[in-house]
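Welcome! Here is a short tour for someone meeting this structure for the opening time.

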Amino acid sequence: MAKKLHISTTINGEPEEFLCAPSDTMLDVLRNELDLTGAKEGCGSGDCGACSITLDGTLVCSCLMLAAEAEGKEITTIEGMAAGETLHPLQQKFLEEAALQCGICTPGMLVAAKALLDQNPDPTETEVRFWLAGNLCRCTGYDKIVRAVMDTAAEMRGAAK
Amino acid sequence: MTDIQYLAPTSLDEAISAYAAADGAGRILAGGTDLLVQMQAGMVEPGLIVDIKNIAELTAIEGSAESGFVIGAAVSGATLEKHPGFGEAWPGVLEGLNLIGSTQIQGRASFGGNLCNGSPAADSVPGLVAAGAVVTVQGPDGRREIAVEDVPAGPGKTNLAPGEIAVSITLPAKSAGQSDAYLRMIPRTEMDIAVVGVGVNLTMDGDTCTAARVGLGAVAPTVLRVDDAAAALVGSTLDDAALEAAAAACRAACNPIDDKRGTIAYRTRVAGVLLKRTTAIAAERAAQA
């Protein structure tokens, strides 16, 4: 077996260290070593977006990133989205508007949608649909998801005024 | 995937010596959107992975429209899209890169990776060929420059020598009245592999085309530079006869495969159609440039 690598990183604002094999993906480490099981493994090939995280603020698939690449970087996962018991407005809106069915795609949808609203607080529906095109929902619930993202954006813009 | 080694050097020299020493068992990791998929599928089992993203030159965007941009081989689509001047200067080159995959893939995918993966359908390559981009590569024997169209050698193969790494992509200085465009045909509306991809780079003086370059993807073992199509456009007013001659040159250059995405006949016909459409967009942009 190859030597394990010692990686120091930041996850959801907290310093974190872990050991990984050179071929381990970030998704492997999040789920199997760090008990952060919010990111899901759907396809394992970057097609479905269920494992979405941000890496230094950029939305990526954690299945297409080696865990070793996390060295010195800042990672956020779905677990960092709520502030304690207070849900992020996107999470709250997904609940209120039932923008989920089985829930497998939901963490990835939320992480991706937050990354969009962080850089574009007033997206058009087309922009939301293009942005989320890499997040697949096998229950075919896209309309409710898109609507929840649009409604959250409107609410957050209202709150910011 | 046993006995694999991961290195993330901060200097290019270190990366090259490790990569060269791995003697063919090494793989370069830029965004990983092809490499990790190939590893997961068991298609490649590298002994060494060299992550090049900690090397400053590989992730830098230097230069300007006037002087010529130099884009690090590992710069991601998301990073280049946010650059204040690049998309205005080279809209076609940027749209080729930005068409690769989803938002998540854009966070990682790069020119260097797309080019060196060697896919005939690589979306970012026809636009680079049309732009006249040059790739700087460096290996154990030093640094050299290669035209983008001379990098691919066939599906999954490149003309890089053992130990050579793509360092950056240099675009020429922009001239007045010049712009570009890239269009591809895919069976779905988004996120698929090109059946045909066409990059066109035009310089217009009033109504007359004074210079042109055409890159054609997904219709041959490598992305092609189609000089006959460019020659048919130069000196014309992009009238119907010139466009049809250029389209015919693109069709003649095709040597495609038959697969589930498109037949030989379909790909060949679409190559001509896309040439016309892409030229129209590039001409409209050139009129504003």
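In chain B, β4(B) pairs with strand β5 (residues 70-72) in the antiparallel sense over two bridges. Strands here are DSSP runs of E with at least two residues, numbered from the N terminus, and two strands pair if DSSP finds at least two bridges between them. Within this pairing, I61(B) stands opposite I71(B) in β5(B).

Both strands belong to an open, antiparallel sheet of five strands in chain B, ordered β4-β5-β10-β6-β7. At its edges stand β4 (61-62) and β7 (142-147) of chain B, each with a single partner strand, so one side of each has no neighbour in the sheet.

This is a predicted model: local features need pLDDT of at least 70 and side-chain atom pairs count only at pLDDT 80 or more, while totals for chains, interfaces and linings use all residues. Residues are numbered from 1 along each chain as its sequence is written, and chains are lettered from A and ligands numbered from 1 in the order in which they are written.

Chain A has domain 1 (5-80) and domain 2 (89-160), with bounds from an automatic or database domain assignment. Their C-alpha centres lie 22 Å apart.

Key
Helix = DSSP H or I, 4+ residues; strand = E, 2+ residues; numbered from the N terminus.
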